[in-house]
There are 2 protein chains.
Amino acid sequence: MKASQEAIMARIRRLSTAHALGPIHRALLGHDGSMTKLLELILCTTVQLKTIRQSVVPCPYRPARALRIQTGEPANERDILIVDRCDGRPLLYARSYAPLSRLRPSFKDDLMRADIPIGRIVQKHRMETRREMLNVRYLGRNARLCSLLEHPGPYLSRAYNIISDEKPLITITEYFPTALFTENTSGSS
Amino acid sequence: MKASQEAIMARIRRLSTAHALGPIHRALLGHDGSMTKLLELILCTTVQLKTIRQSVVPCPYRPARALRIQTGEPANERDILIVDRCDGRPLLYARSYAPLSRLRPSFKDDLMRADIPIGRIVQKHRMETRREMLNVRYLGRNARLCSLLEHPGPYLSRAYNIISDEKPLITITEYFPTALFTENTSGSS
């Protein structure tokens, strides 16, 4: 599952050529900062998080592997939408898993009880972290994403870990409609 | 000198309106990840660092304030250009100051002896950090930038700290020509 950061960059270049992606698509796919902040900058708006589902679950195989924990270890599973605060349109859907054993109490409270994007939680707690890209993908039609994002696709997806104290604190997979970030149709001021 | 991250975002929105900046300009100005990585993603290229000057100096007043050290404390001053590896064109000029007292030996070697962009040094050493924006600016004509960047301007500039172990490890001011990142003229694949 783990790929080198160079391999991810090469994969983004290949996806870019194959699907005529623009600079903004590549930036969203491959950058290593806060996704919330980048969305707000690109669209010149503020965004809001809507929690679809949040519960403690036995961690499934794939996220457990990404987190380097045992399958079945208790993890916080969070399904969220990032929406534009102005018009409410969905911009991004994400599912994340965070092992309970690695969450400090105040961070855990924000993650489990409040509608706060992860980038803002990290900023609020002045946490020092690094982001490790795991995968990037291009997806065609998908009924669930179509319903959640109110857009027929195609979609771009990225998976990454946020590392703190040398261990993955959370593993996140994000999906967004390619067309939302086509230069001609959005985000110029 | 220190501004809240919300104030920086508001300032970027004002600059965007005043100077008809696009989504890529705002992303470059305000993101909190590696600038090297974002440049490579946007331009779909690889970049290279060229050191213009690098020496240990008594830290001047303004960077000392940003770093929260005494003026005159020994700091590594580095003037660099980021250039496109394919055609050699200059993309970005940066000046940084790093207090010697805060540099771990291996990081110091990379910073002082090698042509490695700071984002790559941070990645290579798997460092956990956070970036704190200090200022963003729009600049018109400037003879020094024109000569360094081989472009008459205008330019965008951002200043930020990279924080490690709760202290600023390095303070960086970057400058790039606005026109390099105008959607119609660069970076589509």
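Visitor: How many nonpolar, polar and charged residues does the lining of the largest pocket have?
Guide: This is a predicted model: local features need pLDDT of at least 70, side-chain atom pairs count only at pLDDT 80 or more, totals for chains, interfaces and linings use all residues, and side-chain values use heavy atoms, without hydrogens and water. Residues are numbered from 1 along each chain as its sequence is written, while chains are lettered from A and ligands numbered from 1 in the order in which they are written. Ala, Val, Leu, Ile, Met, Phe, Trp, Tyr, Cys and Pro count as nonpolar, Asp, Glu, Lys and Arg as charged, and the others, Gly among them, as polar. By class, the lining has 5 nonpolar, 13 polar and 15 charged residues.

Visitor: What volume does the largest pocket have?
Guide: On a 1 Å grid over the protein atoms alone, a pocket is an open set of points where a 1.4 Å probe fits, with protein on both sides within 12 Å along at least five of seven lines; lining residues have an atom within 4 Å of a point. Points are joined across faces, edges and corners, and a volume is the space filled by probe spheres set on them. Here that volume is about 680 Å³.

Visitor: Which lining residues are the closest to the centre of the largest pocket?
Guide: The pocket is lined by 33 residues. Those closest to its centre are A:Thr129, B:Asp32, B:Thr129, B:Arg130 and B:Arg131.

Visitor: How much area do chain A and chain B bury between them?
Guide: Contact (heavy atoms within 4.5 Å) takes 44 residues from chain A and 44 residues from chain B. Buried area is the accessible area (1.4 Å probe) lost on putting two parts together, summed over both. Carbon and sulfur atoms carry 54% of it, and the value is about 3,200 Å².

Visitor: Which residues in chain A lose the most area to chain B?
Guide: Three residues together make up 21% of what that side buries. They are A:Arg26, A:Leu41 and A:Glu128.

Visitor: How many salt bridges does the rule find across the interface?
Guide: The rule asks for a side-chain nitrogen of Lys or Arg within 4 Å of a carboxyl oxygen of Asp or Glu. Across the interface of chain A and chain B, the count is 0.

Visitor: Where is A:Pro154, and in which loop?
Guide: A cis peptide bond joins A:Gly153 and A:Pro154, with omega about 0 degrees. Helices (H or I, at least four residues) and strands (E, at least two) are DSSP runs, numbered from the N terminus. A:Pro154 sits in the loop between helix H7 (143-149) and S5 of chain A.
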